[in-house]
Amino acid sequence: MMYFNQNSSLLGRLTAYSESDFYPFHMPGHKRADLDFPNPWSVDITEIEGFDNLHHPEGILKELQESAARLFGAGKSFLLVNGSTCGLLSAVSACVKRGGKLLMSRNCHKAAYHAVYLRDITPVYVLPKPTDFGIMGSLDPEDVERTLDTQPDIRAVLVVSPTYDGVVSDIEKIATAAHRHGVPLIVDEAHGAHFPFGEGHLFPKSALCRRADVVIQSLHKTLPAFTQTAILHLQSGLVDETALRRFLGMYQSSSPSYLLMASMEQCMELIRREGSRRFADFERLLNQFYETCGGLSHIRLFDGAGEPNCFDWDHSKILISASDLGLSGQDLYRILLKKYHLQLEMASGHYVLALTSLMDRPEGFKRLAEALFQIERDYAPAAAQLRGQCAPAPPGDLRQTERQGAPAAPATTGLCGGDIYRIPRLAMTPAQAIELPGQSIPLEESAGAVSQEYICPYPPGIPLLAPGERIDETLLETILRLRAEGFALEGLSDLTNKWINIVKS
Ligand SMILES: Cc1ncc(COP(=O)(O)O)c(C=O)c1O
């Protein structure tokens, strides 16, 4: 049962969703709460007298950016109306000259890869290690240090912390390593805009107070602001501010939306006025939720405290695995959506992500906890029976279960747990590879070739192969095995995953 009519318009569907009883455990962080805002048509303007210009702020927008810097505890802050995406493009472009070298974690968002392409940068990757839960863990600062030692021509370090799953790296140590080599650290904190405001221990400290040079946060992901709103904080003499401003002027729309900017202003005003109480309430609800769910016998919630390779984690991203009940992430996602009208943020191979924010209501947490207990009651007997009949899946088995309803063989680890990731040899920069003449060949015959495309198992969406990398036999074997086992592989323009574009030899 869906809340909208298949023939309705986009606005019709949005309205139907807003009027339904489906609860949003997804972005944006405002959770469609009834916040004070006038009719959007009545306040949508362009750069007219008295309203300043985001590209040369001198008046109200300059003041807004300065008050943002004070609130977030940053040196300088820049409002972004094209999401963290334009912040990442601008920060990388400002820190690394065309043709330069960037050290980046392999699990970076595609915007970082796009920056590498646009500036013909040579990427040097470091790979985070997996957790036992089967998600990518924190980046090891020693890997960063070692890489910087061996490649002194690296011009900047870029890491994502927290990850989409909420795992945070030791930014302080990574910043120390970067600064020891005289280069800036850019932190993609797109999923951590709420970090500066937590009261207790449920949200890690922001990279802003861990000596990062540039920190980019999406307000829309975890705070009450409209979609696409984000902010870039700068606090370093290691970054060329003039270049940063120039690139922000290129990657941001020349018609920045005053609705978006006003929503950022309102978001900050709400945090100033009521943040302390709201965050305390939010943390209390989260604590209660985790405590209640401690009574679950088969369904497991991610607890970063007990995990290897997890420096810290954000409790507001609730990762739930029902693989002991034989349910894949997709199974659990569909049950929560269809039976309980709970719309989660994401389904992975073996878990789901419920994204929460300070705008969540007690009703949402209650409904989610009750649904999980009921799912246990519904599925535990069949799962026990099945366990009696089948041998458990071998350790490190990577198969996903796609069956819906009936319990399937337990899937205990995610794809990261299978140790499939190695960084292939870079034969040329991604931009060179993409722009040289190419040819399409069967994937099976691609060993030895230089790829023009990505291959990313989804989830976790981290590239096994990126443009400019040479495909070796071991990597090809892994890719073919994953394909044969039915994993979703994204990135190839041939959606059947049979053909790959390579650099013409
Ligand atoms: C880790 C990470 N960084 C950056 C972005 C881009 O953020 P935005 O959607 O605000 O452009 C995303 C988007 O999902 C993301 O997951």
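Biologist: Which residue in strand 7 stands opposite Val 160?

Modeller: In this predicted model, strand 5 (154-160) and strand 7 (residues 185-188) run parallel and are joined by 4 bridges. Val 160 belongs to the residues around the ligand. Its opposite number in strand 7 is Asp 188.

Biologist: Which residue of strand 5 is the bridge partner of Leu 103?

Modeller: Strand 3 (101-105) is joined to strand 5 by 4 bridges, and the two run parallel. Strand 5 is mostly covered, with 6 of its 7 residues buried. The bridge partner of Leu 103 in strand 5 is Val 157.

Biologist: Which strands stand at the edges of the open sheet of 7 strands, and why is one side of each left without a neighbour?

Modeller: The order in this sheet is 2-9-8-7-5-3-4, and the pairing is mixed. From one strand to the next, the twist averages 20 degrees.

Biologist: What is the bridge partner of Val 215 in strand 9?

Modeller: Strand 8 (residues 214-218) and strand 9 pair in the antiparallel sense, over 5 bridges. Strand 9 comprises residues 230-234. Within strand 9, the partner of Val 215 is His 233.

Biologist: At about what angle to strand 4 does helix 5 run?

Modeller: Helix 5 (residues 141-150) lies across strand 3, strand 4 and strand 5.

Biologist: Which helix gives the largest share of the shell around the ligand?

Modeller: The residues around the ligand include Gly 83, Ser 84 and Thr 85, as well as His 109, Tyr 164 and His 191. By class, the shell divides into 5 nonpolar, 6 polar and 1 charged. The largest share, 3 residues, comes from helix 3 (residues 83-95).

Biologist: Why do the buried residues of helix 8 line one face, and within what arc do they fall?

Modeller: The buried residues of helix 8 (residues 241-251) include Leu 244, Phe 247, Leu 248 and Tyr 251. In an α-helix with 3.6 residues a turn, residues three or four places apart point the same way. On the other side of helix 8, Thr 242 and Met 250 are exposed. Seen down the axis of helix 8, the buried residues line one face because they fall within an arc of 105 degrees.

Biologist: Is Gly 237 buried or exposed?

Modeller: Gly 237 lies in the loop between strand 9 and helix 8. Between Gly 237 and Pro 184 there are 8.8 Å in space, C-alpha to C-alpha, although they are 53 residues apart in sequence. With 10 other C-beta atoms within 10 Å, Gly 237 is exposed.

Biologist: What is the peptide bond from Ser 161 to Pro 162, cis or trans?

Modeller: Pro 162 is found in the loop between strand 5 and strand 6 (167-168). Omega of the bond from Ser 161 to Pro 162 is near 5 degrees, and the bond is cis.

Biologist: Is Lys 31 buried or exposed?

Modeller: Lys 31 is in the loop between strand 1 and helix 2. Phi of Lys 31 is near 55 degrees, a positive value in a residue other than glycine. With 20 other C-beta atoms within 10 Å, Lys 31 is buried.

Biologist: Which strands does helix 10 touch as it packs on the sheet?

Modeller: The open sheet of 4 strands has the order 10-12-15-14 and antiparallel pairing. Its edge strands, strand 10 (300-301) and strand 14 (346-347), each pair on one side only. Helix 10 (residues 329-338) makes about 45 degrees with the direction of strand 15, and the strands touched are strand 12 (317-321), strand 14 and strand 15.

Note on methods
Residues numbered from 1 in each chain as written. Predicted model: local features only at pLDDT ≥ 70, side-chain atom pairs only at ≥ 80, totals over all residues. Pairing = 2+ DSSP bridges. Contact = placed C-beta atoms within 7 Å. Axes fitted to C-alpha atoms, helices over the stretch in contact; angles between N-to-C directions. Near = placed C-beta within 6 Å. Nonpolar A, V, L, I, M, F, W, Y, C, P; charged D, E, K, R; others polar. Buried ≥ 20, exposed ≤ 12 C-beta atoms within 10 Å, placed from the backbone. Arc of directions from axis to C-beta.
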